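Here is a quick walk through the fold, the pockets and the aromatic contacts of this protein. Have the structure open while you read.

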Amino acid sequence: MSYTSEQWRLAITRLLALTAKNELKWGPSSLYEGDAWTTVDSSFQAENNGKAYVVSRTRRRHYVDEAEFFWEGDFNLSIYQEKFDGFQHIATAPSLSSLSDLYDAAEANLAYNHNALGDLLA
């Protein structure tokens, strides 16, 4: 059995709501790693109830032929379960348009919680 796209949308909406209320605090993350075809531009992580939610902006290499390729941007949401020796990957969301909103919200949350404009607005 697996989660439906609608269940993932609801979960992402919940993460967005918790972020908007500043109940989730996002920070930089290195948990999500790309593969041979995927480069991770940046990732943000928030922890809640023994789970780490990691949203990442990625670029995937698509080959036209043996030598020529182009980059296609995407967003990824991975969920990790806390274990005694770190985190274990337990789920990855399907590619959904709302992941870009979550990424933007996590980036803004990080800036706000680190008082990025504090010196400029004083």
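## A cross-strand pair to start with

Find Arg59 and look across to strand E4: the residue standing opposite is Gly73. Keep in mind that you're looking at a predicted model. The two strands around this spot are E3, residues 51–63, and E4, residues 69–83; they run antiparallel and are joined by 13 bridges.

## The sheet and its helix

Zoom out and you'll see an open sheet of five strands, ordered E1-E2-E3-E4-E5, with antiparallel pairing. The edges belong to E1 (27–28) and E5 (86–92); each has a single partner strand, so one side of each has no neighbour in the sheet.

Now for helix H1, which covers residues 5–20 and lies across E2 (38–48), E3, E4 and E5. Against E4, H1 runs at about 80°.

## The largest pocket

What lines the largest pocket? The list is Tyr3, Gln7, Trp8, Ala11, Arg14, Leu15, Leu18, Asn48, Tyr53, Leu77, Ile79 and Ala91. H1 and E4 are the elements that give two or more residues to this lining, and H1 has the largest share, with six residues.

The volume of the largest pocket comes to about 240 Å³. Sorted by class, its lining has nine nonpolar residues, two polar ones and one charged one.

## The second largest pocket

The second largest pocket holds about 190 Å³ of space. It's lined by 14 residues, and those closest to its centre are Tyr32, Thr58, Asp74, Phe75 and Asn76. Here the elements giving two or more residues to the lining are E3 and E4.

Which element gives the largest share of the lining of the second largest pocket? That's E4, with six residues. By class, the lining of this second largest pocket splits into six nonpolar, five polar and three charged residues.

## Aromatic pairs

How many aromatic pairs does a search of the whole structure find? The count is five.

Definitions and conventions: Residues are numbered from 1 along each chain as its sequence is written. This is a predicted model: local features need pLDDT of at least 70, side-chain atom pairs count only at pLDDT 80 or more; totals for chains, interfaces and linings use all residues. Side-chain values use heavy atoms; hydrogens and water are left out. Two strands pair if DSSP finds at least two bridges between them. Helices (H or I, at least four residues) and strands (E, at least two) are DSSP runs, numbered from the N terminus. Contact means heavy atoms within 4.5 Å. Axes are lines fitted to C-alpha atoms, for helices over the stretch in contact, and angles run from 0 to 180 degrees between N-to-C directions. On a 1 Å grid over the protein atoms alone, a cavity is a set of points where a 1.4 Å probe fits but cannot get out, and a pocket is an open set with protein on both sides within 12 Å along at least five of seven lines; lining residues have an atom within 4 Å of a point. Grid points are joined across faces, edges and corners, and a volume is the space filled by probe spheres set on the points. Ala, Val, Leu, Ile, Met, Phe, Trp, Tyr, Cys and Pro count as nonpolar, Asp, Glu, Lys and Arg as charged, and the others, Gly among them, as polar. Rings of Phe, Tyr and Trp (its six-membered ring) pair if their centres lie within 6.5 Å; planes under 30 degrees apart count as stacked, over 60 as edge-to-face and the rest as tilted.
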